[in-house]
Amino acid sequence: MIKRTLIAAAIATHAALAAPAFAAGEAKNVIFFLGDGMGPTTITAARIYKVKEEGALNFEKLERTARIKTFSNDAQTTDSAPSMSAYMTGVKMNNEVLSMSSNTVAVAPSKDGNGNATINNCAPSNGTPVATILELAKAKGKAVGAITTTELTHATPAATYAHICHRDAQYAIAAQAVPGGAGYNSALGDGVDVLMGGGRNHFTPYDATTNPKGRADGRDLLAELAAKGYTVAATKTDMNAAPNNKKFIGLYSSKSHLEYELDRTATPPLGEGANQPSLAEMTTKAIDILSQNANGYFLMVEGGRIDHALHATNAKRALVDTIAFDDAVQAALDKVRQTDPTLANTLIVVTADHDHTLTFNGYGKRGNPILDINRGYRDGQPSTDADGNTYTTLVFGNGPHRPNLRASLDSATVLADSYQQESGVRLASETHGGGDVKLLATGAGAKVFKGTLDNTKVFGLLKTAFGF
């Protein structure tokens with residue numbers, strides 16, 4: 001059982017230590033965008049894919065920039081749990097740990113009789129919870145929300161509202177979001193106002209036929225949330241019909257993440273994509289709901305499947321999801337400017353939690369399609385390796401597709417939706433990269449985001465902007 005009183009105490013301590021100079025922060029609202037795994041090369045490649053070399057993504061036009069160091073408490077290369085937690089809490093923690101003290105040891109959950117990891121092995125003595133910016137905002141009377149294209153209980157969204165020793169304890173993470181229920185994170189007060197993502201199975205009871213990845217404890221957390229006044233949605237249509245004056249949870253996938261954007265918009269859409277909203281649509285709806293609070297709001301928006309496509313060494317889906325993430329940033333800017341034209345009251349921050357091993361290589365001709373084989377800038381002819389074989393401009397430092405003997409590649413092959421780029425080191429799955437990531441910001445309080453910053457420092461800057 002997590003020591004909830006310690007979170008409340010941490011929130012009180014933050015408030016007590018707030019310097020008088022920051023008593024009235026510049027930002028009434030903060031929207032924090034996180035492109036999971038969206039390293040600098042992914043941004044560059046997505047820019048070329050969308051608007052060519054000379055263009056710019058929407059978020060690249062934000063005027064304040066910084067470079068962010070991402071190492072975790074125990075690793076040069078972080079995973080998403082401690083990196084997002086560092087942004088949300090200002091504390092370095094070990095890989096796999098979510099919003100807990102630095103001494104917390106990651107202990108994975110165990111599987112139940114149904115084969116699902118529903119058994120939480122985080123002992124009460126294993127570390128202590130640390131307050132998140134979402135909890136601090138809630139304690140100040142602001143509305144709060146977390147939305148994602150991954151499962152709602154995945155590492156990035158979970159870091160905003162949950163405290164646990166291992167990111168894979170997703171069934172326990174789900175319980176932390178249900179006001180008044182067993183395992184609830186009481187630092188959330190009357191609850192997170194807006195939650196959206198996938199992974200409905202973590203909230204609903206196990207059924208061998210209809211919900212084989214469901215909860216073994218028999219709880220229907222969605223029914224519990226509805227009883228607490230939440231509107232519960234399963235589709236884009238449900239979301240659009242939901243009132244803006246009630247708390248809201250939308251889970252748009254029954255057993256996993258939302259579809260990749262490329263698949264959601266395919267003809268016909270793949271999987272459950274036909275009934276899923278885009279990240280931009282979720283962002284707009286979240287702002288509609290949260291902005292009903294006169295005290296302002298904090299909203300976290302994650303483009304989470306960028307990371308998944310990169311792990312799969314499928315650059316095309318990664319780039320398309322990056323562009324969908326960029327569309328969500330623009331949707332937020334457009335929505336907020338309807339009532340706050342100069343962003344005098346709203347801070348928007350865009351960053352990533354870590355890099356990947358995606359590499360931009362060769363001396364390609366300007367205008368050559370970024371996903372295609374490399375063609376030389378001098379003559380526009382296919383570039384070749386030392387053995388005379390063609391290669392793609394985008395490759396990965398590691399991953400599952402390192403051929404023992406390379407062969408020439410052709411455009412039809414490498415431009416296909418599901419093509420997986422070659423890698424240098426053979427691993428079962430591509431890893432994160434340890435390089436720095438970008439941060440861009442605009443609006444109220446944005447001027448402090450500059451230089452090279454540790455990811456933990458971003459938390460302090462968010463607090464300052466809010467005046468906490």
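I'm working from a predicted model, where local features need pLDDT of at least 70, side-chain atom pairs count only at pLDDT 80 or more, and totals for chains, interfaces and linings use all residues. Residues are numbered from 1 along each chain as its sequence is written, and side-chain values use heavy atoms, with hydrogens and water left out.

**Strand E14.** I looked up E14, residues 437-443; strands (E, at least two residues) and helices (H or I, at least four) are DSSP runs numbered from the N terminus. Five of the seven residues in E14 are buried, i.e. under 20% relative accessible area with a 1.4 Å probe, protein chains only.

Which strands pair with E14? Pairing takes at least two DSSP bridges between two strands. E2 (residues 64-69) runs antiparallel to E14 with five bridges, and Ile68 sits opposite Val437 there. E8 (residues 346-352) is also antiparallel to E14, again through five bridges; I noted Val350 partnered with Leu440.

**Cavity.** I got one cavity of 30 Å³ or more. The largest cavity holds about 100 Å³, volume being the space filled by probe spheres set on the points, which are joined across faces, edges and corners.

Its lining (residues with an atom within 4 Å of a point) has 13 residues, and Thr149, Glu261, Leu279, Asp321 and Ala324 are the closest to the centre. Helices H9 (261-264) and H12 (315-337) each give two or more residues to the lining. H12 gives the most, three.

Conventions. Buried < 20%, exposed > 50% of the residue type's maximum accessible area, 1.4 Å probe, protein only. 1 Å grid on protein atoms, 1.4 Å probe; cavity = no way out; pocket = protein on both sides within 12 Å on 5 of 7 lines; lining within 4 Å.
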